[in-house]
Amino acid sequence: MTDRSLPAVSFQGVTRRYGGVCAVNDVTLDIASGEFFALLGASGSGKTTLLMLLAGFDQPTEGRVLMSGTSVSDVPPHRRQIGVVFQNYALFPHLTAAENVAYPLKMRGVARAEREARVNVALGLVNLADRGSSYSSQLSGGQQQRVALARALVFGPDLLLMDEPLGALDRRLRDQMQQELKRIQGELGITVIYVTHDQSEAMAMANRIGIMAAGRLLQVADPETIYAAPSNHFVARFIGECSILRVAAMDGGRGYEIAGARQSLPSPATAPFDIVVRPEHVSVHAVPEVKSDGAFGVPATIRDVTYLGAGWRVALELSDGQSLLASIKRGDEVAGDLAPGKPVVARWAPASVAILPTEGSS
Ligand code: ADP
Ligand code: MG
């Protein structure tokens, strides 16, 4: 029995070097039992290497990997009770869907009658109960990936690892499979570690997201926190659109000044800091409308306007030369008046701002 109060997985100071390349650099991370955890990062950031270290196909250069509190360094891959799904389904082409799914059971010496029963359950779980006798060449990409998922789940693993599993599918199918993976995870209560380079996929699916760059884990948090309070410049830029603005701290960090405009912060920040402003938090105002009300507003010029259907994406240049993005919804008063070259005033609320330590300052 696994103890669900212990982390399902712990990486403790895990480093993997290949010659001069540090693929995974000092990663320490606990993943709770039953969690849907997304590892998010650009290509080459070390995501697959971290999964391979956990699955046992590779060994750390330093540090250790634990499952339910026990080091797995001496446990071979097939004894780690881990199901793995890769992007390129990796089905055996000469076997039917049912034979593919039965394979891990055969390897584990499960008797034929029980094998058949469990294969049927697993195929039912992925909605392919009627396709057991089909070969890969007779199945669509989405169906092949379902077979791969059934094969990863059929032996009842404690942990499911998925490495960019939906990357080869088109958008509509991907959305549908995302929903289904969430459903299946809920039904089984299994711990999932899901690797992706697609931030919207990570946001849509995960309880928590770990962001990787150059082998390091930069931030681990729930999707809302990652978006609202990124811990550094890289994470802010990687997740969603934003503007990172240089400001001058005032009153011991209780506020800041930008292009002559001053704003107080809800809680003091340690100077020097930059601010992160998301486009949906920026409002754009015609100049006469705001000229004398004294509220916070930064003089700016419209540089570019992109029509997006539901609204516009507006690129502004602040009077101090910095760039700011705004998203303007259809129906905003200023909407009919957006034109490159036009002078405007940009505003945002103090509570919508995220604070970042200025890079190179620590
Ligand atoms: P990701 O899955 O995020 O794209 P990887 O874990 O595949 O990243 O790779 C991380 C880094 O480690 C890359 O620079 C990659 O070239 C390097 N790397 C991965 N596997 C090996 C290997 N077997 N030998 C040498 N370098 C490797
Ligand atoms: Mg990879």
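Helix H1 hands over three residues to the shell around ligand 1, the largest share of any contributor. H1 spans 47-55, and strand S2 (21-31) also supplies at least two shell residues. This is a predicted model, where local features need pLDDT of at least 70, side-chain atom pairs count only at pLDDT 80 or more, and totals for chains, interfaces and linings use all residues. Residues are numbered from 1 along each chain as its sequence is written, ligands are numbered from 1 in the order in which they are written, and side-chain values use heavy atoms, with hydrogens and water left out.

**Around ligand 1**
- The shell (a heavy atom within 4 Å) includes Tyr-18, Val-21, Ala-23 and Ala-42, plus Lys-47, Thr-48 and Thr-49.
- By class it holds four nonpolar, six polar (Gly counts here) and one charged residues.

**Polar contacts (N or O pairs within 3.5 Å)**
- Ligand oxygen atoms sit 2.6 Å from a polar backbone atom of Gly-44 and 3.0 Å from one of Gly-46.
- The side chain of Lys-47 puts an N or O atom 2.8 Å from a ligand 1 oxygen.
- On its own ligand 1 exposes 560 Å² (Shrake-Rupley, 1.4 Å probe), and the protein buries 57% of that.

**Nonpolar cores (buried, under 20% relative accessible area, and joined through side-chain atoms within 4.5 Å)**
- The largest core has 46 residues, with Val-101, Leu-149 and Tyr-194 among those with the most contacts inside it.
- Helix H4 (141-153) gives the most to this core, six residues.
- Beyond neighbours within four places in sequence, Leu-149 is in contact (heavy atoms within 4.5 Å) with residues including Val-85, Leu-160 and Ile-184.
- A second, separate core of 29 residues includes Leu-245 and Val-284.

Notes
Polar contact = N/O pair within 3.5 Å; in protein donor to acceptor, adjacent residues only side chain to side chain. Helix = DSSP H or I, 4+ residues; strand = E, 2+ residues; numbered from the N terminus. Buried < 20%, exposed > 50% of the residue type's maximum accessible area, 1.4 Å probe, protein only.
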